[in-house]
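Work through the exercises below with the sequence and the coordinates open. Try each task before reading its solution.

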Amino acid sequence: MSLLLDNRFGELPPDNSVNTKLFLETVSHLPTFFDCLGSKVFSLIKSDINGNITKIKEVYLKDPHRYVTLQHILESERQDLGAEWPKAGATLALMWLKRGLRFIQILLQSLADGERDLNQPNLIRVNITKAYEQALKRYHGWFVQKIFNTALYAAPYRSNFLKALSKGEDVKEEECLENLRHFLVNFAATVDAIYDMYARLNAELDYTV
Ligand code: EIS
């Protein structure tokens, strides 16, 4: 069974609201991905993403009835945090988490679409660079961009990465790509819904780290 298919995101309701409990349950499986990637640079990324998830979970658990959807969290914090909002609380954690999720979405979509460097067909640097440029680069200063470059060169081979996505099982490449495409349907819809929510509530910030 594929690791991704095991932890599929649910279909969104017609109003595109994202249920906090289900979102947290599903997203909590993503960091385990990083364990099979090897290099230490990935543990840095893993702990950043884990930190975001923990922060959102802590807020949610304080009052699950108040925070049924992610939008409830943003709206409540907008009231409670005053001038600090949106650069505080779970609103900030989700702002960054969604960028990591967008990165993963673009990377997987690019792999599923068969985009590759014909000169180095077993590398995924073109796919990673595309995802980075679209999802993260503009929020990173030169130092973090350097960390990205380290990660880029530590990235696994395409074949190993696809295998890792399928828990190391001997899945045929086409089957793995088909799994990816299935996974991406609800995943992309969820990430899009979170981005729309940040735009709608005017909660997006564009400072660099
Ligand atoms: C935020 O971090 C915190 O997350 C947030 C709060 O403290 C806030 C304050 O301003 O800062 O500094 C972090 C930033 N996070 C800001 C940087 C961490 C290291 C990023 C290194 C960049 C490498 C890019 C990716 C290279 C990947 C190669 C992939 C090879 C396969 C299946 C792979 C998936 C990879 C997913 C990568 C996602 C990266 C996400 C980085 C997010 C970021 O830029 S708070 O914390 O509010 O929760 O307290």
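Predicted model: local features only at pLDDT ≥ 70, side-chain atom pairs only at ≥ 80, totals over all residues.

**Exercise 1. Fold and overall dimensions**

Task: Determine how many helices and strands the protein chain has, and compare its radius of gyration with that of a compact globule.

Solution: 
- Step 1. The protein chain holds nine helices and zero strands.
- Step 2. For 209 residues a compact globule would have a radius of gyration near 17 Å, and the chain has 17 Å, so the two agree.
- Step 3. Along the principal axes, the C-alpha atoms fill a box of roughly 55 × 40 × 25 Å.
- Step 4. Of the contacts with a separation of 6 or more, 73% join residues 24 or more positions apart.
- Step 5. Buried residues account for 46% of the 209 residues. The accessible surface is about 11100 Å², and carbon and sulfur atoms contribute 53% of that surface.

**Exercise 2. The largest nonpolar core**

Task: Find which residues touch the most other members of the largest nonpolar core, and which element gives the most residues to this core.

Solution: 
- Step 1. The core has 65 residues; F23, L94, F103, L108 and F187 touch the most other members.
- Step 2. Elements that each give two or more residues include α2 (20–27), α3 (41–62) and α9 (173–200).
- Step 3. The top contributor is α5, with 15 residues.
- Step 4. Take F23 and set aside neighbours within four places in sequence: its contacts are F9, V18, L70, L94, L97, L101, T190 and I194.
- Step 5. As background, nonpolar side chains in soluble globular proteins tend to be buried together.

**Exercise 3. Residue F42**

Task: Decide whether F42 is buried or exposed, and list what F42 touches beyond four places in sequence.

Solution: 
- Step 1. F42 belongs to helix α3.
- Step 2. The cut-off for buried is under 20% relative accessible area. F42 has 8%, so F42 is buried.
- Step 3. Beyond four places in sequence, F42 touches F34, L37, A151, A154 and A155.
- Step 4. From F42 to T190 there are 148 residues in sequence and 24 Å in space, C-alpha to C-alpha.

**Exercise 4. The ligand site**

Task: Identify the closest residues around the ligand and state what share of the ligand's area the protein covers.

Solution: 
- Step 1. The ligand is surrounded by 24 residues, with D48, N52, K55, H140 and Y207 the closest.
- Step 2. A polar side-chain atom of N52 is 2.8 Å from a ligand oxygen atom. For K55, a side-chain N or O atom is 2.8 Å from an oxygen atom of the ligand.
- Step 3. A93 contributes a backbone N or O atom, 3.5 Å from a ligand oxygen atom.
- Step 4. On its own the ligand has 1000 Å² of accessible area, and the protein covers 87% of it.

Conventions:
Residues numbered from 1 in each chain as written. Heavy atoms only, no water. Core = buried A, V, L, I, M, F, W, Y, C linked by side-chain atoms within 4.5 Å. Buried < 20%, exposed > 50% of the residue type's maximum accessible area, 1.4 Å probe, protein only. Helix = DSSP H or I, 4+ residues; strand = E, 2+ residues; numbered from the N terminus. Contact = heavy atoms within 4.5 Å. Near = heavy atom within 4 Å. Polar contact = N/O pair within 3.5 Å; in protein donor to acceptor, adjacent residues only side chain to side chain. Areas by Shrake-Rupley, 256 points an atom, 1.4 Å probe, with all protein chains shown as cover. Rg over C-alpha atoms; globule rule 2.2 N^0.38 Å.
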